[in-house]
Amino acid sequence: LLLPVALATLALARVAHRLLAPSGNPFSGPPLEPPRPLVTDQRARDRVLKQGFSARRVPDPLDAVVIGSGVGGLAVAATLAKAGRRVLVLEQHDQAGGCCHTFQQHGVEFDVGIHYVGQLHEGSLLRVALDQVTDGQLCWHRLPDPYDEVTLGARRYLLRSGKVAFVTALEEQFPDEKEAIREFMKLSKVASRHAALLALLKLSPRWLVTVLLRSGLLPRLSPVFRMAATSQSQAAARLTSNPDLRALFGYLFYGTAPRDSSFLVNALMVHHYQRGAWYPRGGASEVAFHAVPVIERAGGAVLVRAPVTRVLVSADGTALGVAVRAGPGEEELEIRAPLVISDAGVFNTFGKLLPPHVRSHP
């Protein structure tokens, strides 16, 4: 009896070793190559970022199709590529990158999306993730301290880098509001620690979520759910009556009124920038410029001027691929893949791309 047990144990040990050994994990270590010199030649950059769609450029066979080449689409495509999957990314614009793309006018380059990014200190989760999907070729420069300034009328307020310096600077500028500032920072910390529960709620069965909502139990499970349902205006009013401090607590909402914004999102934004802000060397387009080669190395492609008109779905709701119309008056080209991932936004995906029988599915 001991011999079969010993052989079974040995076999299990070998399987476990293969599954857990770092050598078999493409994400187990840092990128092998240091950052290369910045590529400034526009033609060289266009060859990477502006590969136009054509049927002959579509890899075959495909493991997945990603709709949209924003940061989300490129990140998931590069992650799949590093795991050995062949992925096609389709972008309707004439340049890959989504809000990370740039344009030039009168000899000056303009970014359309990135202002600055937080939590990119060495060893942070975001830094490690971006290094993986760009092969470590992105160089991030930390903005000088103070990294931001809020102007309200004739008054100027400075935001400083560092968890302690951030709070200290606020207290120096609002000496009578120390209690409100500390409470706000406490709530921001709670938000960052409990935010994962929102994702867990999205993954829970529909019946369970319905019970939690209708019974009123959800807000009792974690303060993060109460924060999500509270507007920025309501939360700020509870913390302080100082109008400038209220504005400072909610200044990160670009184009959205505090009364229409979730306090949870704002608290997470403030927490995101506590350590300061960073900007990529060479501009925002560097993100896409270094993610595309990762996708191509696994046999995939990132093609622009490729508007997806619909997602191909079977009668039982299984993804079959996508349909693309490369130009006005041209026939749709159907591209087959067992996995379709949309980075086109929830409204575009459900309102325009999915067939009616899937849109109405629970």
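**Cavity and helix pair in a predicted model**

The largest cavity has a volume of about 100 Å³. This is a predicted model, where local features need pLDDT of at least 70, side-chain atom pairs count only at pLDDT 80 or more, and totals for chains, interfaces and linings use all residues. Residues are numbered from 1 along each chain, and side-chain values use heavy atoms, without hydrogens and water.

Reader: What makes this space a cavity?

Author: On a 1 Å grid over the protein atoms alone, a 1.4 Å probe fits at its points but cannot get out. The volume is the space filled by probe spheres set on the points, joined across faces, edges and corners. One cavity of 30 Å³ or more is counted.

Reader: Which helices each supply at least two residues of its lining?

Author: α5, α6 and α12 (243–249) do. Lining residues have an atom within 4 Å of a point; among them are Phe166, Leu170, Met185 and Leu248.

Reader: How is that lining divided by class?

Author: Twelve residues are nonpolar, none polar and none charged. Nonpolar means Ala, Val, Leu, Ile, Met, Phe, Trp, Tyr, Cys or Pro; charged means Asp, Glu, Lys or Arg; the others, Gly among them, are polar.

Reader: Why are α5 and α6 called roughly antiparallel?

Author: The axes of α5 (residues 163–173) and α6 (residues 178–194) cross at roughly 155 degrees and come within 9 Å. Angles over 145 degrees count as roughly antiparallel, so the pair is roughly antiparallel. The contact (heavy atoms within 4.5 Å) is made by Phe166, Val167, Leu170 and Glu171 of α5 and Lys178, Ile181, Arg182 and Met185 of α6.

How values were computed:
Axes fitted to C-alpha atoms, helices over the stretch in contact; angles between N-to-C directions. Helix = DSSP H or I, 4+ residues; strand = E, 2+ residues; numbered from the N terminus. Parallel < 35°, antiparallel > 145°, perpendicular 65-115°, else oblique. 1 Å grid on protein atoms, 1.4 Å probe; cavity = no way out; pocket = protein on both sides within 12 Å on 5 of 7 lines; lining within 4 Å.
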